[in-house]
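Me: Could you go through this model with me? I'd like to start with the backbone and then move on to a helix.

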Amino acid sequence: MNLLPLLFLLPALLGLVPPMQVSAAPARQIHLLRPVMGSAGAAVKVKGVSCSSWQFGVETNSLRGWNTVPAGCESYFGHYMMGRRYREDSRAVAAAAAEYARGLQISSGGGKQIWVFDVDETSLSNLPYYSRHGFGVEPFNATLFDTWVATGTAPPLPESLKLYKELLSLGIKVVFLTGRAEEQRQITASNLKKAGYYSWEKLILRGNGALAHENALQFKSSERLKLTEQGYRIVGNIGDQWSDILGSPEGERTFKLPDPLYYIS
Ligand SMILES: *[C@@H]1O[C@H](CO)[C@@H](O)[C@H](O)[C@H]1NC(C)=O
């Protein structure tokens, strides 16, 4: 008689390990997830859980005015941004936006329906830059960042580009609204085109001078107000910062893309 199977069964028979079940009850699944998710208490410390909680606070706009990603979270956010999860989170948002857009009655608007797109971390991705600068752990350096912007080589966020194309095919025009400076118009326009955003109704950048006191939320709200005063109907608005999508007029529906790397008020 072969005793091997019995040897494996013995601990289970003695109640030392839970019996394996193909169709495990939800309670058991939660139990098995506890150590993985860090819910098993202080006895089981799991790397990245506090970074994940911080991320939740950021994405829900509960944590505000922060300057850098917490020290120790560089690797967590490196994995998040460069791995599948960032793309999947972006896809969940962009797909919901596309579904909403398909449900709109566009034909009756006289070509005045627009969708507002932010640029950085919405239309274009600065991951090539942030991957070399600590994924938000390093303090922001405007000089270095502007040097990167001047290369005009930022790739598109693929999910946003897909949404952009679908909106155009539905007859919705796109307006890019960015906190980038007016001096960066040429390079931003050529970067957008290179990335696949081949046409737009307007590209609105931040002028200098009188508006310097405004934060991004005030600047973008006032520009959206101008658009509505020009007769446009903002059917959608997408950005990675809460300051892209808060502030009246927000647009008829807003969509928040993930961005745990920096905060703009
Ligand atoms: C930004 O980076 C440049 C080049 O490394 C450096 O000379 C400058 O001091 C940095 N600025 C800030 C504010 O850290």
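Me: How many other C-beta atoms sit within 10 Å of Asn61?
Reply: Asn61 has 14 of them and is partly exposed (buried means 20 or more other C-beta atoms within 10 Å of a residue's own, exposed means 12 or fewer, partly exposed is in between, and C-beta atoms are placed from the backbone). This is a predicted model, in which local features need pLDDT of at least 70, side-chain atom pairs count only at pLDDT 80 or more, and totals for chains, interfaces and linings use all residues. Residues are numbered from 1 along each chain as its sequence is written.

Me: What's phi of Asn61?
Reply: Phi is near 60°, which is positive although Asn61 is not a glycine, and the residue lies in the loop between α3 (49-59) and α4 (helices, H or I, of at least four residues, and strands, E, of at least two, are DSSP runs numbered from the N terminus).

Me: And Glu121, buried or exposed?
Reply: Glu121 is buried, with 25 other C-beta atoms within 10 Å; its phi, near 65°, is also a positive value in a non-glycine residue, and its place is the loop between β1 (113-117) and α6 (127-130).

Me: Which residues are joined by a cis peptide bond?
Reply: Ser248 and Pro249 are, with omega about -5°, and Pro249 is in the loop between α11 (242-245) and β5.

Me: Switching to α5, which of its residues are buried?
Reply: Those are Tyr86, Ser90, Ala94, Ala97, Ala98 and Ala101. Viewed down the axis of α5, they fall within an arc of 100°, so they line one face of the helix (the arc is that of directions from the helix axis to the C-beta atoms).

Me: What's exposed on the other side of α5?
Reply: Arg84, Arg85, Glu88, Glu99 and Arg102 are exposed there.
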